[in-house]
Amino acid sequence: TIFDENFALGSGGALFIDEVVGDSVIQTTDFINNTAGDNSSTTTWGGSIYVSYVDADATLTIRQSSILDSNLNAGADDAYGAGLYLGEVVGEVLIDSSTFARGVFLDSGNPTFGSGLSIGLCTIDLGGTLSVVNSTFDDDATLDSFSIHACGIEDGGVLSVSYSTLV
């Protein structure tokens, strides 16, 4: 499956998920050159994929997928996750054998600061887990935007990155 050159005025340029309540899988899917937000937006999250909430009994798996050339218009006060935005993780998110590359935050068409070129994460709550395994991140972090940005990991929450490459 390919999501190519999609645009959303708000969050989630290609895919907007309000709540994950059961086990869900995105597999062998390419998200290419998707864009979210415009310079008049007050908050913009997830240039390609926006996920607001992952329930305690749910697992969201992203496997063998690519999130490439995602754009997040950062005219907003808050711009998180040029590629993928995760709001609140109470359950589990697994990113396996996937590639994130060339995410960018834009302000009037020019590169600018944002939070999380590949993944922007608001909160991992008690019992929540974000695991990244065998994945590649190829971002230009010259504007101090970083590949993965986590606002908060609560006591008992877990963020794990293993067997992955940051180029």
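**Close-up views of a predicted model**

**View 1. Strand β13 and its parallel partners.** In this predicted model, strands β8 and β13 run parallel and are joined by 5 bridges, and within this pairing isoleucine 49 stands opposite leucine 84 of β13. β13 also pairs with β18 in the parallel sense, again over 5 bridges, and here glutamate 88 stands opposite threonine 123 of β18. β13 is mostly covered, since 5 of its 6 residues are buried.

**View 2. The largest nonpolar core.** This core holds 24 residues, of which Val51, Leu84, Leu86, Val93, Ile95 and Leu130 touch the most other members. At least two core residues come from each of several strands, among them β3 (15-20), β8 (49-54), β13 (84-89) and β19 (129-133).

**View 3. The surroundings of valine 51.** Which residues is valine 51 in contact with, leaving aside its neighbours within four places in sequence? They are Ile17, Val20, Leu60, Leu84, Tyr85, Leu86 and Gly87.

**View 4. Cysteine 122 and cysteine 151.** Cysteine 151 is accordingly in no disulfide, and the count for the model comes to 0 disulfides. Both residues are partly exposed, cysteine 122 with a relative accessible area of 29% and cysteine 151 with one of 44%.

Note on methods:
Residues are numbered from 1 along each chain as its sequence is written. This is a predicted model: local features need pLDDT of at least 70, side-chain atom pairs count only at pLDDT 80 or more; totals for chains, interfaces and linings use all residues. Side-chain values use heavy atoms; hydrogens and water are left out. A nonpolar core is a set of buried Ala, Val, Leu, Ile, Met, Phe, Trp, Tyr and Cys residues joined through side-chain atoms within 4.5 Å. Buried means under 20% relative accessible area, exposed over 50%, partly exposed in between (1.4 Å probe, protein chains only). Helices (H or I, at least four residues) and strands (E, at least two) are DSSP runs, numbered from the N terminus. Contact means heavy atoms within 4.5 Å. Two strands pair if DSSP finds at least two bridges between them. A disulfide is a pair of cysteine sulfur atoms within 2.5 Å.
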